[in-house]
Amino acid sequence: MKTTAPGFLALPSGRASAADGLPAAVDPATASFRALALQVREMGLLDRRRGYYRVKITLTILAFFAGWVLFVVVGNSWTTLAVAPLVGMLFTQLGFIGHDAGHNQVFGTRRRNHLLGLTVANALIGLSFGWWVPKHNAHHAHPNEMGRDPDIGEGVALASSDAAGNGRGPLASWLARWQAPLFFPLMLLRSGGMHVLGIKRLVRRRDHASAVEASLIMLHFALYLTVVLLVLSPLKALAFVVVQQAVFSLYLGISFAPNHKGMPIIESATAAGFARRQVVTARNISGGLFTTFMLGGLNRQIEHHLFPSMPRPNLRRVQGLVRDFCAATDLGYREESFTGSFRQILHHLSDAGAAARVSRPGGQDGLSPSSPGARRSG
């Protein structure tokens with residue numbers, strides 16, 4: 001599968017050429033997107049959906065605490081391992097609310113969205129909201145752009161754009177070579193990595209905001225471990241934590257991975273309009289209300305990237321307009337089934353891993369550029 005996109009010339013590595021990106025000033029999609037944005041605003045699709053979020057947040061938090069009540073009721077039994085996946089999934093559902101708060105989708109003021117984010121991210125699931133927001137905003141500003149999108153190379157094995165693994169240490173190079181078979185196993189470590197990176201940022205900053213965040217995270221872990229260790233024996237407690245965090249990580253990973261993995265990579269020098277960058281690097285997941293619920297609205301990734309502050313329930317209403325816009329400007333509109341998106345991702349990672357193995361000095365893996373396993377992505 002080629003990762004080319006309108007307005008970009010695919011290089012052998014699957015990247016978009018800096019020379020062939022259309023400058024924003026002459027990109028025909030720019031003026032059309034301005035007209036679309038005005039239409040969307042006039043339709044009220046950027047207005048807050050207070051009723052929706054009031055119900056959504058209330059039900060999600062109630063379900064979260066109900067999950068812990070069920071955990072206590074089941075008690076010191078291995079049956080609690082059946083409760084762990086439920087709690088892990090509710091952690092992710094809270095993460096989706098934190099995501100919406102980070103984009104100021106929920107409330108009309110940044111301060112209230114920030115307080116919501118601190119509550120669900122730091123206090124309820126133990127992740128640093130202050131670390132995640134600027135990181136995620138950088139991703140939205142420069143999606144799939146080498147050197148500027150912090151999600152490029154997140155977790156080394158997912159850094160499929162640098163197939164050769166040049167400039168990496170031995171472990172990172174090995175991960176790059178076997179990134180396809182390691183894709184799902186490494187997803188199980190996602191939440192752990194996010195916890196660590198967030199805490200490292202708080203330690204470095206040491207300001208008032210970081211102190212508040214750190215206090216909320218410590219409160220989360222103190223309550224979490226107290227409840228688990230009061231109810232379960234040490235061995236059962238360890239098993240519960242491992243299963244719960246693994247499900248949280250995997251669910252979070254499979255919700256975000258289909259959005260951009262295996263899509264075109266943009267060189268940092270490429271000049272192109274906002275709309276072109278957002279559309280050609282994103283992939284939607286087809287499906288109805290259940291898909292939207294399970295993926296937290298991220299299944300409409302193209303619409304979300306074009307209008308990041310649009311409340312989640314309005315993405316469905318703008319989808320037809322965005323499709324028409326993409327067709328009129330020849331941007332393309334990528335939409336795949338959930339399973340189809342992962343087939344494409346794994347194919348892309350397999351090609352990139354094969355290229356990394358070929359690039360090893362002396363061809364240690366027994367592959368040559370002409371061997372069947374030496375297909376490059378793109």
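**Helix packing and nonpolar cores**

Trainee: At what angle do helix 5 and helix 8 (residues 190-205) pack, and how far apart are their axes?

Mentor: The angle is about 100 degrees and the axes are 8 Å apart. Axes are lines fitted to C-alpha atoms, for helices over the stretch in contact, with angles from 0 to 180 degrees between N-to-C directions. Helices themselves are DSSP runs of H or I, at least four residues, and strands are E runs of at least two, numbered from the N terminus.

Trainee: Why is helix 5 called roughly perpendicular to helix 8?

Mentor: Angles from 65 to 115 degrees count as roughly perpendicular, under 35 as roughly parallel, over 145 as roughly antiparallel and the rest as oblique. With about 100 degrees between them, helix 5 is therefore roughly perpendicular to helix 8.

Before we go on, this is a predicted model: local features need pLDDT of at least 70 and side-chain atom pairs pLDDT 80 or more, while totals for chains, interfaces and linings use all residues. Residues are numbered from 1 along each chain as its sequence is written, and side-chain values use heavy atoms, leaving out hydrogens and water.

Trainee: Which residues of helix 5 and helix 8 meet?

Mentor: Gly130, Trp131 and Trp132 of helix 5 meet Met194, Leu197, Gly198 and Arg201 of helix 8, where contact means heavy atoms within 4.5 Å. These residues divide into 4 nonpolar, 2 polar and 1 charged. Ala, Val, Leu, Ile, Met, Phe, Trp, Tyr, Cys and Pro count as nonpolar, Asp, Glu, Lys and Arg as charged, and the others, Gly among them, as polar.

Trainee: Helix 7 (residues 179-187) also packs with helix 10, so what are the angle and axis separation there?

Mentor: There the angle is about 125 degrees, with the axes 8 Å apart. That value makes helix 7 oblique to helix 10. Phe183, Phe184 and Met187 of helix 7 touch Ser249, Leu250, Gly253, Ile254 and Ala257 of helix 10. This contact has 6 nonpolar residues, 2 polar and no charged.

Trainee: What makes histidine 195 count as buried?

Mentor: Buried means under 20% relative accessible area, exposed over 50% and partly exposed in between (1.4 Å probe, protein chains only). Histidine 195 has 10% relative accessibility, so it counts as buried. This residue of helix 8 touches Ile125, Gly126, Leu127, Phe221 and Gln245, leaving aside residues up to four places away in sequence.

Trainee: Why does alanine 101 count as buried?

Mentor: Its relative accessibility is 2%, so alanine 101 counts as buried. Alanine 101 lies in helix 3, and its C-alpha atom is 4.8 Å from that of asparagine 113, 12 residues away along the chain.

Trainee: How many residues does the largest nonpolar core have?

Mentor: It has 34, and Trp68, Phe71, Phe91, Val228 and Phe240 have the most contacts inside it. Helix 3 gives the most to this core, 7 residues. A nonpolar core is a set of buried Ala, Val, Leu, Ile, Met, Phe, Trp, Tyr and Cys residues joined through side-chain atoms within 4.5 Å.
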